[in-house]
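Hi everyone, thanks for having me. Let me put the model up on the screen, and then we can walk through a few places together.

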Amino acid sequence: MYNSTTPMKYFPCIISALLLAATSCGSKTDRNAEADAPAAPFVRLDKTVSQFDRMPAAEQFAIVDSLAVPLNDYIYLMGASTGNIPASIDSLSHTAAFSMFAPEVDKAFPNTDGVEKSLGIINANLSRLFPTLPSYSYYGIISPYRQQIMLVDSVVYVALNHYLGAGHPAYSSMPEYTRVTKQAAYIPVDVAEAILSVEYPYIESDAPTAIQYYLYEGALLKGISALTGINDVATLMGWTPEQVQQVSAQEQGIWQKMASDNLIYTTDMSAARRLCEPSPASRVIAPDLPGRIGRYIGYKIVNAYLANNPDVTISELLSPQFYNSPSALIKSGYSPQ
């Protein structure tokens, strides 16, 4: 469990893109502001590491001096610290991950203009919607781990080797629901989830039930949509358009099945979490459903709640006072047709 007072905050997200956000929270003015948002700097630490041994000594010194904090933390996260930054960089540059992925990342990201623009939109919306949160800085890395995004305080590390394209051979052994998210379009989605999940972690009540977790997941999705400006359900959920149509058409039956199988108020929180994961655990409800059904239902309830309580803010939705409230579902008026 992490909170805003944690000095070193890591977010180990195996975040397959997964998210749902059916509508943008902003007005037309907000969306225009997003379009005008300045790009956020995105420093390629992976290129620094790959090219370091070919740089003149003076340039090496300047880079180590200017990037000491992010480089130190990156080296530490990768378990490559030797107590000396240049030696650690050299060690990191000769790892299997760099040998395998450095050329592939350069091919996939000849420039990072699109990434910087999408991160700039996140920064603009963070400032508008979450003014108490810090200003984040962003760095591209290569990582041997399954985490796609890592946070250390207000520094965000994006493992670019996780975004080489859905058809890349490196992902051939992965299930389809994971491969579809392995592309640059999912970087802002994953970054937004990482930030919100660290700053607003799920906090169980004294008597947790599944609906509380679904509501938290729904509020999280609403926040991700608001931060990124992305409102395409298929993109955010990691579903195909056909899967979106399928789930939408079956929503009433899904809700009824969850009620009859005690998947709404069950105290088995592991069951609730499984229904919110990207793997197709939703087959306990129907054999042909994609994963994340719990998130989808939570999001739909949150949308219904906002329709009846339009003055509620995103940060209020992400508070335990909302998602742990026994009256939240009733006040939403959620009733799928």
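Let's start with Asp-153, which you can find in the loop between strand S3 (149–152) and S4. Keep in mind that this is a predicted model. The phi angle of Asp-153 is near 55°, a positive value in a residue other than glycine.

You will find Arg-292 in the loop between helix H14 (269–274) and helix H15 (293–308). Arg-292 is buried, with a relative accessible area of 8%.

Next, please find Gly-167, in the loop between strand S4 (155–159) and helix H8 (176–179). With a relative accessible area of 72%, Gly-167 is exposed, because that value is over 50%. Gly-167 and Gln-183 are 16 residues apart along the chain, and their C-alpha atoms are separated by 9.1 Å. While we are in this part of the sequence, have a look at Lys-182 too: Lys-182 lies over the face of Tyr-171, at 5.4 Å from the ring centre.

On to a helix. What span should we expect for H9, residues 187–199? At 1.5 Å a residue, the 13 residues of H9 should span 18 Å. The C-alpha atoms at the ends of H9 are 18 Å apart, which agrees. And how many residues of H9 are buried? The count is 13 of the 13, so H9 is largely enclosed by the rest of the structure. Here is a handy thing to remember about helices: an α-helix has 3.6 residues a turn, so residues three or four places apart point the same way.

Now for the rings. The structure holds eleven aromatic pairs. One of them is formed by Tyr-202 and Tyr-323, a tilted pair at 5.5 Å centre to centre, with 35° between the planes. This pair links distant parts of the chain: Tyr-202 is in the loop between H9 and helix H10 (210–228), while Tyr-323 is in helix H17 (residues 320–323), 121 residues apart. Tyr-202 is buried, at 7% relative accessible area, and Tyr-323 is buried as well, at 0%.

Another pair brings together Trp-255 and Tyr-334, which sit edge-to-face, 5.1 Å centre to centre and with 85° between the planes. Here too, distant parts of the chain are linked, with Trp-255 in helix H13 (residues 251–260) and Tyr-334 in the segment after helix H18 (328–332), 79 residues apart. Trp-255 has a relative accessibility of 15% and counts as buried; Tyr-334, at 12%, counts as buried too. Before we leave the rings, note that Tyr-202, Tyr-213, Tyr-216 and Tyr-323 form one aromatic cluster.

Last stop: a pocket. Rolling a probe the size of a water molecule over the atoms shows where empty space is left. The second largest pocket has a volume of about 310 Å³. Which residues lie nearest its centre? They are Glu-176, Tyr-177, Gly-238, Gln-243 and Pro-290, out of 20 residues that line this pocket. The lining of the second largest pocket divides into twelve nonpolar, four polar and four charged residues.

That's my tour, and I'm happy to take questions.

Notes: Residues are numbered from 1 along each chain as its sequence is written. This is a predicted model: local features need pLDDT of at least 70, side-chain atom pairs count only at pLDDT 80 or more; totals for chains, interfaces and linings use all residues. Side-chain values use heavy atoms; hydrogens and water are left out. Helices (H or I, at least four residues) and strands (E, at least two) are DSSP runs, numbered from the N terminus. The expected span of a helix is 1.5 Å times one less than its number of residues. Buried means under 20% relative accessible area, exposed over 50%, partly exposed in between (1.4 Å probe, protein chains only). On a 1 Å grid over the protein atoms alone, a cavity is a set of points where a 1.4 Å probe fits but cannot get out, and a pocket is an open set with protein on both sides within 12 Å along at least five of seven lines; lining residues have an atom within 4 Å of a point. Grid points are joined across faces, edges and corners, and a volume is the space filled by probe spheres set on the points. Ala, Val, Leu, Ile, Met, Phe, Trp, Tyr, Cys and Pro count as nonpolar, Asp, Glu, Lys and Arg as charged, and the others, Gly among them, as polar. Rings of Phe, Tyr and Trp (its six-membered ring) pair if their centres lie within 6.5 Å; planes under 30 degrees apart count as stacked, over 60 as edge-to-face and the rest as tilted. A charge sits over a ring if NZ of Lys or CZ of Arg is within 6 Å of the ring centre and within 35 degrees of the ring normal.
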